[in-house]
Amino acid sequence: MLALGILDYVSPRVDITPYRKEITKSISQLLQRKFELGDKLYLKLSLQPTLVTDRLIINNPAWCKSTHFLKAEEVEFGIDVIDFLLGKITIDRLIVRQARLNLEQTGKNKNNWTFGRAGKVGQGKDKSANPVRLDYVVLDDVYIHFTTPKQQEVLYIKYAFLKKSLRGRYRLDFDGELN
C-alpha cells in the first residue's frame, strides 16, 4: 500500500494550464453556466490518470440567491484509463476539498442542480455517452447549503468517502454534522 502511495506521489505531471481557456469554455457551454478553473491545472499520469486543479467554480443561474453553485479550493477528477485509450473521457473518481455547494430550489420545483444539456447526456439510444460515472467520491471539509422558499439547511462534511463495490453497491463513510 505504501508503494502505491509513493508511486502516485512520483507520477509524472503534465501542466495543462495553457489549455485552461478552451477547457473552461467547453465545460461552460455544456453546463450552460460560467465555469472557472484555478491557476494550477495539471494531468497526473499514472494507471489512474487524474486532472487536478487548485480551484473550481461553477456559477448559479441568475434566479438563485447565491452566486456560486460550487466553489472548491481543490478538485481532482479521475479519468477512466480504458475509455481514455478508446478516445473518450469518462470521469470515474472525484475528490473535492474545502468547498461550498449551494443547492437551491424554488416553490415551482425549479432547482439549480439540473444543468443545461448535461441533463440530456446519456439518454436515448447511446446511454454510454454519459461522461460521468462516479465509482469513487471523497468530500473533505465541504459545506452543503440547501435552500428552499421555506427553509435553509446546512450540512458540514468533515470527511465523506463513497465507493462503489464490484457488485454495484455503494459504501459510505461519513463524519460531519447537520445544522
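In what order do the elements of the protein chain run from the N terminus on? They run α-β-α-β-β-β-β-β-α-β-β-β-β, and the chain holds 3 helices and 10 strands. Helices (H or I, at least four residues) and strands (E, at least two) are DSSP runs, numbered from the N terminus. The model is predicted: local features need pLDDT of at least 70, side-chain atom pairs count only at pLDDT 80 or more, and totals for chains, interfaces and linings use all residues. Residues are numbered from 1 along each chain as its sequence is written, and side-chain values use heavy atoms, with hydrogens and water left out.

Some totals describe the whole chain. Of its 179 residues, 35% count as buried; buried means under 20% relative accessible area, exposed over 50%, and partly exposed in between, for a 1.4 Å probe and protein chains only. The accessible surface comes to about 11,900 Å², and 58% of this surface belongs to carbon and sulfur atoms. Such areas come from the Shrake-Rupley method with a 1.4 Å probe, and for residues only the protein chains shown count as cover. Contact means heavy atoms within 4.5 Å. Among contacts between residues at least 6 apart in sequence, 50% join residues at least 24 apart.

The description now turns to helix 2, which covers residues 20–31. Its 12 residues reach 16 Å from the first C-alpha to the last, close to the 16 Å expected at 1.5 Å a residue; the expected span is 1.5 Å times one less than the number of residues. The buried residues of helix 2 are Thr24, Ser28 and Leu31. They lie on the same side of helix 2 because they cover an arc of only 70° around the axis, where the arc is that of the directions from the helix axis to the C-beta atoms. These buried residues pack against strand 2 (35–37) and strand 5 (56–59). Just after helix 2 comes Gln32, in the loop between helix 2 and strand 2. Gln32 is exposed, with a relative accessible area of 54%.

Next come the paired strands. Two strands pair if DSSP finds at least two bridges between them. Strand 1 (residues 13–15) and strand 3 (residues 41–44) run antiparallel and are joined by 3 bridges. Strand 3 is also joined to strand 4 (residues 50–53), again antiparallel, by 4 bridges, and a hairpin of 5 residues links strand 3 to strand 4. Leu43 in strand 3 stands opposite Val14, and the bridge partner of Leu43 in strand 4 is Leu51.

Strand 6 and strand 7 pair in the antiparallel sense over 9 bridges, and Lys71 stands opposite Arg100 in strand 7. Strand 7 is largely enclosed by the rest of the structure, because 10 of its 14 residues are buried. Asp92 has its place in this strand, which spans residues 91–104. Asp92 is buried, with a relative accessible area of 9%. Not counting residues up to four places away in sequence, Asp92 touches Gly78, Ile79, Asp80, Arg133, Leu134, Asp135 and Tyr136. Gln98 also lies in strand 7, but Gln98 is partly exposed, with a relative accessible area of 47%. The phi of Gln98 is near 50°, a positive value in a residue other than glycine.

Strand 8 (residues 132–147) contains His145. This histidine is buried, with a relative accessible area of 10%. Leaving aside its neighbours within four places in sequence, His145 is in contact with Arg100, Leu101, Asn102, Leu103, Gln152, Glu153 and Val154.

In soluble globular proteins, nonpolar side chains tend to be buried together. A nonpolar core is a set of buried Ala, Val, Leu, Ile, Met, Phe, Trp, Tyr and Cys residues joined through side-chain atoms within 4.5 Å. The largest such core here has 27 residues, and those with the most contacts inside it are Leu56, Ile58, Phe69, Leu70, Val96, Leu139 and Val142. Strand 2, strand 3, strand 5, strand 6 (68–79), strand 7, strand 8 and strand 9 (152–164) each supply at least two residues of this core. The largest share, 6 residues, comes from strand 6. Leaving aside its neighbours within four places in sequence, Leu139 is in contact with Val96, Ile157, Lys158, Tyr159 and Ala160.
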